[in-house]
Amino acid sequence: MTTKLVVPAGQAFTLSSGPSGASPETLAALGSPILYHYDPAFLETYAETLELLRRAFVTESKPVILHGEAVLGLEAGIASLIRSDDVVLNLVSGVYGSGTGWWLRRYTDRVIEVEVPYNTAVSAGMVEHALEENPDVTVVAAVHCETPSGTVNPIAEIGPVVDRHGALFFVDAVSSWGGMPVDLDQWKADFVVVGTQKCLGGPTALSLIHVSDEAWSHIGANEAAPKASMLSVLDWRDADGVVRPFPFTPSISDIYGLRACLEQYLREGAEAVQARHAVVAEATRAGVEALGLSLWAEDRSVCSNTVTAVAVPAGVDDAAVRKAARFDSGVMLSEGEGSLIGKVICIGHMGPSAYPMTPVLAVSGLGRALRSSGYKADIGAAVEAAVSVLDG
Ligand SMILES: *Cc1c(COP(=O)(O)O)cnc(C)c1O
């Protein structure tokens, strides 16, 4: 009999596909005094945070912060942008893209979908073809990183195609921005939503949004765009607490947390952050394969650098494996979502969870758990494979 070690929550390694944990600096900032939102000290913090976000987004346009988890930003964006006369092309390569379609159909009954198997990506050629067949498309919607699939769509190639067609481009970059290259200008992106709890390693409470001038005009012309509503981006466009009051009380603590996250991101530098994610992702993929498992993605070229989806081997109960990884090794992994539940186990390596030992922790925790389910996992080979990628 061996003794079961139960790892307390505070000492577990959170390698989920978000939330991704937070640095001590971020946690300390989240503990700042909860000021009155019109206190000059908070107003200054708020203005600084928006400016840091604008710099991090590498854009001239002023970003919008909505005070709710990224789903709020996505739903608000669709509610604001999409009019009943819009024709939307929705690109579906996973669970999130499929969910986008559900929201889109609430505002227009003219939604066309390009759907591909959830272990692949939508190519720019497919989008070009769909736009030729449907010349009246006014908005194209896409997900950059399909988190449960661990895959990415080639947004940098799709963006210019959408732009040439003259349509607006709505992008869910919730789990990619801050870990992978996102170039809002090159993408010709009009409405982009980012989450704070993924690659930024922040609280789970804010939606960070880029809105282009064209998107603002489209929203301005939409009489049904939410106003005086939690779903309103218009309410927050000019609100700064100084010239214009806040529509409602902002999430004070989360703004402090976000400011700390952005300072750390800008200090490290986007390129260094992306390089760290790239090497950790590659080491994770190598380790997973050496463990004897298969990546869910059909091809490495579509794999995300922020999350790795592992195909659950036949006969293995994914819930039992994740539970064993958590309780026996203190390694918290994610389950799939929607139609991918039971088919994948996701290893998050985003923001603070993209550190050099992430792949080693992930494959050893996962390997031990698989062994307890009777699956032969070569943990030694997996660790060796991961480390040799880290060694370059
Ligand atoms: C995390 C995430 C969101 C936010 O949704 P939740 O299901 O609440 O976590 C939206 N889009 C993508 C691609 C995400 O990874």
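This is a predicted model: local features need pLDDT of at least 70, side-chain atom pairs count only at pLDDT 80 or more; totals for chains, interfaces and linings use all residues.
Let me start with helix α14, which covers residues 379-390. Two of the pairings involve this helix, one with α13 and one with α11.

Take α13 to begin with. That helix runs over residues 358-372, and its axis lies 9 Å from the axis of α14, at an angle of about 165 degrees. An angle over 145 degrees counts as roughly antiparallel, so α13 is roughly antiparallel to α14. The crossing of these two helices is right-handed. On the α13 side, the contact is made by Pro 359, Val 360, Val 363, Ser 364, Gly 367, Arg 368 and Arg 371. On the α14 side, the residues are Ile 379, Ala 382, Val 383, Ala 386 and Val 387. By type, the residues of this contact divide into eight nonpolar, two polar and two charged.

Now the other partner, α11, made of residues 270-290. The axes of α11 and α14 come within 7 Å and cross at roughly 155 degrees. These two helices are therefore roughly antiparallel to each other as well. Here, too, the crossing is right-handed. From α11, the contact uses Val 279, Glu 282, Ala 283, Ala 286, Gly 287 and Ala 290. From α14, it uses Ala 381, Ala 382, Ala 385, Ala 386, Val 389 and Leu 390. The split by type is ten nonpolar, one polar and one charged. Note that Ala 382 and Ala 386 of α14 are listed in the contact with α13 and also in the contact with α11.

Which residues form one aromatic cluster? They are Tyr 36, Tyr 38, Phe 42, Tyr 46, Trp 236, Phe 246, Phe 248 and Tyr 256.

Two arginines sit over rings. Arg 237 lies over the face of Trp 216, at 4.9 Å from the ring centre. Arg 326 lies over the face of Phe 327, at 5.5 Å from the ring centre.

Last, the backbone. Most residues other than glycine have a negative phi, and most peptide bonds are trans. Where are the exceptions I want to point out? The peptide bond from Gly 18 to Pro 19 is cis, with omega near -5 degrees. Pro 19 is in the loop between β1 (13-14) and α1 (24-30). Lys 188 is not a glycine, yet has a positive phi of about 55 degrees. You will find Lys 188 in the loop between α7 (184-187) and β9 (191-195).

Definitions and conventions: Residues are numbered from 1 along each chain as its sequence is written. Side-chain values use heavy atoms; hydrogens and water are left out. Rings of Phe, Tyr and Trp (its six-membered ring) pair if their centres lie within 6.5 Å; planes under 30 degrees apart count as stacked, over 60 as edge-to-face and the rest as tilted. A charge sits over a ring if NZ of Lys or CZ of Arg is within 6 Å of the ring centre and within 35 degrees of the ring normal. Axes are lines fitted to C-alpha atoms, for helices over the stretch in contact, and angles run from 0 to 180 degrees between N-to-C directions. Helices (H or I, at least four residues) and strands (E, at least two) are DSSP runs, numbered from the N terminus. Angles under 35 degrees count as roughly parallel, over 145 as roughly antiparallel, 65 to 115 as roughly perpendicular and the rest as oblique. A crossing is left-handed if the near helix is turned anticlockwise from the far one by less than a right angle, and right-handed if clockwise. Contact means heavy atoms within 4.5 Å. Ala, Val, Leu, Ile, Met, Phe, Trp, Tyr, Cys and Pro count as nonpolar, Asp, Glu, Lys and Arg as charged, and the others, Gly among them, as polar.
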